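Work through the following exercises with the sequence and the model at hand. Each task is followed by a solution in steps.

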Amino acid sequence: MKVLLTSAGFENKRIEETFLALTGKKPEDIKAVFIPAAAIDADAIEVLPKCLHDLLDCGIPKDNIRVYDLHADMSREELMGYDAVYVCGGNTEYLLERINEKGFRNTLLFFIKQGGVYVGVSAGSLAAAGNLKGSLGILECPVRVHCEKGMEAGPADVENCGEIRIDNRQAILVSDSQDVRIIE
């Protein structure tokens, strides 16, 4: 599993470097799906260019990024042609509604289980965690994003499934259900 859950995307070089390492490719060879569906209010929409620039600024060519708004179907085979899925912030309940209504949940979970990289930003992170019913369930523990002070860097205790807190310069790296760590 290659999952990176963030509050605010690639806010520091370490998060960006971790993302690139997870793909195992040169930036110019990475193909990514960019999902802005959760951005349904003005504040979230305002942040979308910054999110897109996370991918562009790390060297992924614009032509290698597909914007997918969860209003059309995307088959498992089609998604497997990409290396990473970057899910933006906004309204988590709406995001999960779109993922589940479009039947994209199983496609996305298959992609992740087959080694595809999942990057969540804010709502995209909460959608992967145990915060809401119908979540992707990548982490059973709830995640809290945009905290004033996140947890200490290093392994996160997922056995007791307490809340995992991250600030805007941290990320949660999930390699499998037991290997979860905070990076900054």
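**Exercise 1.** Find the bridge partner of Ile-35 in β4 and place the strand pairings of β4.

Solution. Ile-35 has Val-87 as its bridge partner in β4. The model is predicted: local features need pLDDT of at least 70, side-chain atom pairs count only at pLDDT 80 or more, and totals for chains, interfaces and linings use all residues. Residues are numbered from 1 along each chain as its sequence is written, and side-chain values use heavy atoms, with hydrogens and water left out.

Next, take the strands themselves (DSSP runs of E, at least two residues, numbered from the N terminus, as are helices, runs of H or I of at least four). Strand β2 (residues 32-35) runs parallel to β4, joined by 4 bridges; two strands pair if DSSP finds at least two bridges between them. β4 also pairs with strand β5 (residues 117-121), in the parallel sense and over 4 bridges. In that pairing, Tyr-86 stands opposite Val-119.

**Exercise 2.** Determine which strands pair with β10, and in which sense.

Solution. Strand β9 (residues 171-174) is joined to β10 by 4 bridges and runs antiparallel to it. Ala-171 has Ile-183 as its bridge partner there. β7 is joined to strand β10 (residues 180-183) by 2 bridges, again antiparallel. Gly-154 stands opposite Ile-182 in that pairing.

Ile-183 also touches Thr-18, a residue of helix α1 (residues 13-23). Thr-18 counts as buried because its relative accessibility is 9%.

**Exercise 3.** Locate Leu-70 and Asp-73, then describe the surroundings of Asp-73.

Solution. Leu-70 lies in the loop between β3 (65-67) and α3 (76-79), and Asp-73 lies in the loop between β3 and α3. Leu-70 is buried, at 0% relative accessibility, and has a positive phi near 65 degrees although it is not a glycine. Asp-73 is exposed, with a relative accessible area of 57%.

Asp-73 touches Tyr-68, Glu-78 and Lys-102, residues up to four places away in sequence not being counted. The side chains of Asp-73 and Lys-102 form a polar contact of 3.3 Å. A polar contact is a pair of N or O atoms within 3.5 Å; within protein, one must be able to donate a hydrogen and the other to accept it, and residues adjacent in sequence count only if both atoms are side-chain atoms. Asp-73 and Gly-103 are 30 residues apart in sequence, with their C-alpha atoms 8.1 Å apart.

Notes:
Buried < 20%, exposed > 50% of the residue type's maximum accessible area, 1.4 Å probe, protein only. Contact = heavy atoms within 4.5 Å.
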